[in-house]
Structure formats: structure tokens, C-alpha cells
Amino acid sequence: MLGIIAVFTMIAFFELPGLIRRKYWREVIAFSLLLFLGFVLYTLRHFGVKFPSITRILIDLIQPNLPGWISK
């Protein structure tokens, strides 16, 4: 767990200063949100939280509307 915290910190350490120096504030916000989301998802996965398959969710959404498009 400490290794992944170090990796996320290093990513932020190398990427954020350039964005801040160029005053790319929207990119800083987007980058920070995505990095934070990645860290939260990794942490939840690390502690055993199960996520549903995104493929299964997409098939369940598409299958009723386009029945012949996806075959099981």
C-alpha cells in the first residue's frame, strides 16, 4: 500500500508543477480528479471491495435496445 501511495505521489509531483507553472487550471483540476479517483478505486480494490464488470453493465444497457447487436 505504501508503494502505491509513493507512485501516486510521484505522478502528482512530476505532472502538477508544469501544469501549475503554465496556469492550466482546468487541466490541474481534471488531472487531480482523475488521479484521486484512480487512488480511491485502487484503495477500495486493495481492501477487497468488489466492483461490477463494466462489460456486463454495458451489455445489460445495450441488449434491450439493440437485441441482435450483441450475441451472448
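Where is Lys-23 found? I looked this up before anything else. Lys-23 is in the loop between helix 1 and helix 2. For the helices I used DSSP runs numbered from the N terminus (H or I, at least four residues; strands are E, at least two).

**Ground rules.** I worked on a predicted model, in which local features need pLDDT of at least 70, side-chain atom pairs count only at pLDDT 80 or more, and totals for chains, interfaces and linings use all residues. Residues are numbered from 1 along each chain as its sequence is written, and side-chain values use heavy atoms, with hydrogens and water left out.

**Entry: Lys-23.** I checked the backbone at this residue. Its phi is near 60°, a positive value in a residue other than glycine. I noted beside it that most residues other than glycine have a negative phi. Lys-23 comes after helix 1. Lys-23 is exposed, at a relative accessible area of 59%. My classes were buried for under 20% relative accessible area, exposed for over 50% and partly exposed in between, with a 1.4 Å probe and protein chains only.

**Entry: helix 1.** I compared its length with the expected span, which is 1.5 Å times one less than its number of residues. Helix 1 has 20 residues (residues 2-21) and should span 28 Å; I found its end C-alpha atoms 29 Å apart, which agrees. I also looked for a bend, taken as the angle between axes fitted to the seven residues ending at a position and the seven starting there. Helix 1 bends by about 30° at Glu-15, and Pro-17 follows within four residues.

**Entry: buried side of helix 1.** Which residues are buried in helix 1? I listed Phe-8, Ala-12, Leu-16, Gly-18 and Leu-19. The buried residues of this helix pack against helix 2 (25-46). For the helix in general, I kept in mind that there are 3.6 residues a turn, so residues three or four places apart point the same way.

**Entry: nonpolar core.** I counted a core as a set of buried Ala, Val, Leu, Ile, Met, Phe, Trp, Tyr and Cys residues joined through side-chain atoms within 4.5 Å. The largest one has six residues: Phe-8, Ala-12, Leu-16, Leu-19, Val-28 and Leu-35. Helix 1 and helix 2 each supply at least two residues of this core. Helix 1 gives the most, with four residues.

**Entry: contacts.** I took contact as heavy atoms within 4.5 Å. Setting aside residues up to four places away in sequence, Leu-16 touches Val-28, Phe-31 and Ser-32. Ile-11 belongs to helix 1 and is partly exposed, with a relative accessible area of 35%. Ile-11 and Leu-35 are 24 residues apart in sequence, with their C-alpha atoms 8.6 Å apart in space.

**Entry: aromatic pairs.** I searched for Phe, Tyr and Trp rings (for Trp, the six-membered ring) with centres within 6.5 Å; planes under 30 degrees apart count as stacked, over 60 as edge-to-face and the rest as tilted. How many aromatic pairs does the structure hold? I found two. Phe-8 is buried at a relative accessible area of 17%, whereas Phe-39 is partly exposed at 24%. For Phe-13 and Phe-14 the ring centres are 5.5 Å apart and the planes at 75°, so that pair is edge-to-face as well. Phe-13 and Phe-14 are exposed.

**Entry: helix 3.** I found Ile-59 in helix 3 (residues 54-62). Ile-59 is buried, with a relative accessible area of 18%. Ile-59 and Ile-70 are 11 residues apart in sequence, and C-alpha to C-alpha they are 7.4 Å apart in space.
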